[in-house]
Amino acid sequence: MDFELILKVYPYFLQAAWVTIVLSVLTTILGLTCGVLGAAARLSRLLPLRMIAATYVSLFRGTPALIQLFILYFGGPQIGIQLTAFEAGVIGLGLNIGAYMTETIRGGIIAIDRGQTEASRTLGLSRWQSMRYVVLPQAARLMIRPLGVNINALIKGTALVAAISVIELTYTAQRYIGSTYKPFEMFLLSGTLYMIIIYVTGQGISWLDRKARIV
């Protein structure tokens, strides 16, 4: 184990870890946005919206995320879409995880007994008011853990953007392996930083889950 080498390169890995964190945050925001819109469309009374949402979910869950990134980054210019590697990473991973979050959010809403919706409608609430004040607050408590699993999977999945040259943890490890020929040390360092990021994220999700259950 070359500890001297690890101490020498770890500042560069910290910079790469920050890129991974920013990428994860932006991708999570996009994924949640797509998840909310997708779940709303899948639960809509309008058949075209349900079909569009179902196609989106099937497409992005049924194909590898790496292929989706390649299509965006390498194939995009052929149809006039010019994206930087970072932008392609955010959009590609965001759309991918959004498909999974769509089903997570939809599942949380469906899990709430329909009798509560019917009771709220009987009390004079509109369909939107019933969803906002009765269904969603209860469904949100059920969604926190599953969405947390999705977010943790997303953080690990950010390693895929190394394939399109985003300078995050995995790409940085690969680059230094090429110059140091020390794969164990480099991947150990990057893996440790991934674990720290995921641990902190997991603790935050657990805190949210506890707070939601108390409320």
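Predicted model: local features only at pLDDT ≥ 70, side-chain atom pairs only at ≥ 80, totals over all residues.
**Salt bridges**

The search turned up 3 of them.

Next I went to arginine 106. Its side chain meets that of glutamate 103 in a salt bridge, 3.0 Å from N to O. Arginine 106 is partly exposed, with 22% relative accessibility.

Which residues are linked in a network of salt bridges? I noted Arg42, Glu103 and Arg106 as the linked set.

Then I turned to arginine 145 and aspartate 209, whose side chains meet in a salt bridge at 3.1 Å, N to O. This pair links distant parts of the chain, with arginine 145 in helix H6 (residues 127-157) and aspartate 209 in helix H8, 64 residues apart. Are the two partners buried or exposed, or partly so? I got 42% relative accessibility for arginine 145, so I put it down as partly exposed. Aspartate 209 has 4%, and since buried means under 20%, I logged aspartate 209 as buried.

A reminder to myself: side chains of opposite charge can pair when their charged atoms come close.

**The buried side of H3**

I moved on to helix H3, residues 65-75, and asked which of its residues are buried. I found Ala65, Gln68, Leu69 and Leu72. These residues cover an arc of only 100° around the axis, so they lie on the same side of H3. I also looked for what covers them, and the cover includes helix H2 (47-62) and helix H4 (85-110).

Glutamine 68 belongs to helix H3. I have it as buried, because its relative accessible area is 9%. Its side chain makes a polar contact of 2.7 Å with the side chain of threonine 63. I then listed what glutamine 68 touches, leaving out residues up to four places away in sequence: Leu59, Phe60, Thr63, Gly92 and Asn96.

Asparagine 96 sits in helix H4. Its relative accessibility is 10%, so asparagine 96 counts as buried. What distance did I get for the polar contact between the side chains of asparagine 96 and glutamine 68? I read it as 3.1 Å. With residues up to four places away in sequence again left out, asparagine 96 touches Phe60, Thr63, Ala65 and Gln68.

Putting the side-chain contacts of glutamine 68 together, I have threonine 63 at 2.7 Å and asparagine 96 at 3.1 Å.

**Positive phi**

I then checked backbone angles. Serine 165 has a positive phi of about 70°, although it is not a glycine. I placed serine 165 in the loop between H6 and helix H7 (169-180). It is partly exposed, because its relative accessibility is 43%.

Tyrosine 181 also went into the list, with a positive phi of about 55°, and it is not a glycine either. Where is tyrosine 181 found? I located it in the loop between H7 and H8. At 68% relative accessibility I have tyrosine 181 down as exposed, the cut-off being over 50%.

Leucine 188 is partly exposed, with a relative accessible area of 37%.

Terms used: Residues numbered from 1 in each chain as written. Heavy atoms only, no water. Buried < 20%, exposed > 50% of the residue type's maximum accessible area, 1.4 Å probe, protein only. Helix = DSSP H or I, 4+ residues; strand = E, 2+ residues; numbered from the N terminus. Arc of directions from axis to C-beta. Contact = heavy atoms within 4.5 Å. Polar contact = N/O pair within 3.5 Å; in protein donor to acceptor, adjacent residues only side chain to side chain. Salt bridge = Lys/Arg side-chain N within 4 Å of Asp/Glu carboxyl O.
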